[in-house]
Amino acid sequence: MGCMVVQWLAHGGSWFESLLIRPLSVWSLHVLPGEVFLSRYSGFLPQSRDINTPLLYFTDMGPQPSKPPTPPPSPCLRQPWRTLPTSTQDNLNFMKSYQPRNKGVKHLRILLHGPVGAGKSSFINSVESALRGIVTNRALTDATSGSSFTLKYQTYKIQKDDQSFYSIVFNDIMGLEANLNNGVQVEDVKLALRGHVREGYKFRTNGPLTENDPGYNSNPSLDDKVHVLVCVVPVNSVSLLDDKVVQKFREVRLAASDLGIPQLAILTKVDQACPEVESNIHNLHKSKYLKGQVEKFSAMLGIPINCIFLVKNYESEIKTTDDINGPLLTTLRQMVSQGEDYLNYM
């Protein structure tokens, strides 16, 4: 066992100036097996007026030359890796004036899918809150259940004013789960993409919708079909996703690709995953951790990085703010732009 040496400086006098000419004592505590003793060295302070510069630092090997500690790397980038509009008004005006140019549809239909508890319903509520300027909770959510709270195929329209609605609708479905007998069936998601699932259909965990079921729409119009597919995942769950859930994501993505449907992804709960964002939402696109999760999710599913968006949903807030609305409305506009391109192609 080596000798543990702990040293400290002792001096007389009350002013630093006097330290330059007054002798100092360096006391050392030596700890040996079965023996403890003190030693002392007297000398003068080096001619330095920087009182914040340490003379020595101590280890179990005795005194070493002084050196400043290396600061930890910053968790944030100096500049954001993605820039957002400084004002939300342009995106609000865009949404208020948007009308599908394809006369075969009344609304642009956006389907949200993802694992249980991803924040799909919360995202719908948050978008409605941003568009209406008040925090809403029309799409019911559950903060405690470990299973899907959404059980039916439900369409959400967002009111623009007393006489009209925005020209977009959201469809919310039951969450995906790893267990084959839990969560929404992948085949049901594929049927929803093609417009075969009727409003209000209650999903079954033991089997997909069939043509003989009353919830089956045998002759869907273009208005019934999905125009944008959005995958919603909590950002801190990207690395924890079960392989079976990822495989279901890929099956749904392949089906959408075969139909030419554009696909985007939303990574939610950014404030819960990143302390820097929790303290300052402006760090959303400066956080190295969040940027890494976006890159990881892109590699996992093949969705381009410019189609993956970080958002914070309204949860504890009782008033809307531009800081939260900004990423939400930017994400929504990208959905609408890509969905509009799809409709025009159709």
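## The second largest cavity

Strand S11 (308–310) and helix H9 (322–345) each put at least two residues into the lining of the second largest cavity, and H9 has the largest share with 3 residues. Helices here are DSSP runs of H or I with at least four residues, strands are E runs of at least two, and both are numbered from the N terminus. This is a predicted model, where local features need pLDDT of at least 70 and side-chain atom pairs count only at pLDDT 80 or more, while totals for chains, interfaces and linings use all residues. Residues are numbered from 1 along each chain as its sequence is written, and side-chain values use heavy atoms, with hydrogens and water left out.

The space inside is about 40 Å³, taken as what is filled by probe spheres set on grid points joined across faces, edges and corners.

## The largest cavity

There are 2 cavities of 30 Å³ or more; a cavity is a set of points on a 1 Å grid over the protein atoms alone where a 1.4 Å probe fits but cannot get out, and lining residues have an atom within 4 Å of a point. The largest has a volume of about 70 Å³.

Strand S9 (228–234), helix H5 (243–259) and strand S10 (263–268) each bring at least two residues to its lining. Among the lining residues are His113, Cys231, Phe249, Arg253 and Gln263. By class, the lining has 8 nonpolar, 2 polar and 1 charged residues.

## Aromatic pairs

How many aromatic pairs are there? The count is 4, with rings of Phe, Tyr and Trp (its six-membered ring) pairing if their centres lie within 6.5 Å. Tyr153 and Phe203 have ring centres 6.3 Å apart and planes at 85°, so they make an edge-to-face pair (over 60 degrees; under 30 is stacked, the rest tilted). Tyr153 lies in the loop between H3 (120–132) and S7 (154–159), and Phe203 in the loop between H4 (186–193) and S9, so the pair ties together parts 50 residues apart in sequence.

Both residues, Tyr153 and Phe203, are buried (under 20% relative accessible area with a 1.4 Å probe, protein chains only; exposed is over 50%, partly exposed in between). Ring pairs also link Tyr153, Tyr201 and Phe203 into a cluster.

## Charges over rings

Two lysines are worth a look here. The charged end of Lys157 sits over the ring of Phe165, 5.9 Å from its centre, and that of Lys160 over the ring of Tyr166, at 5.6 Å. The rule is NZ of Lys or CZ of Arg within 6 Å of the ring centre and within 35 degrees of the ring normal.

Conventions:
On a 1 Å grid over the protein atoms alone, a cavity is a set of points where a 1.4 Å probe fits but cannot get out, and a pocket is an open set with protein on both sides within 12 Å along at least five of seven lines; lining residues have an atom within 4 Å of a point. Ala, Val, Leu, Ile, Met, Phe, Trp, Tyr, Cys and Pro count as nonpolar, Asp, Glu, Lys and Arg as charged, and the others, Gly among them, as polar.
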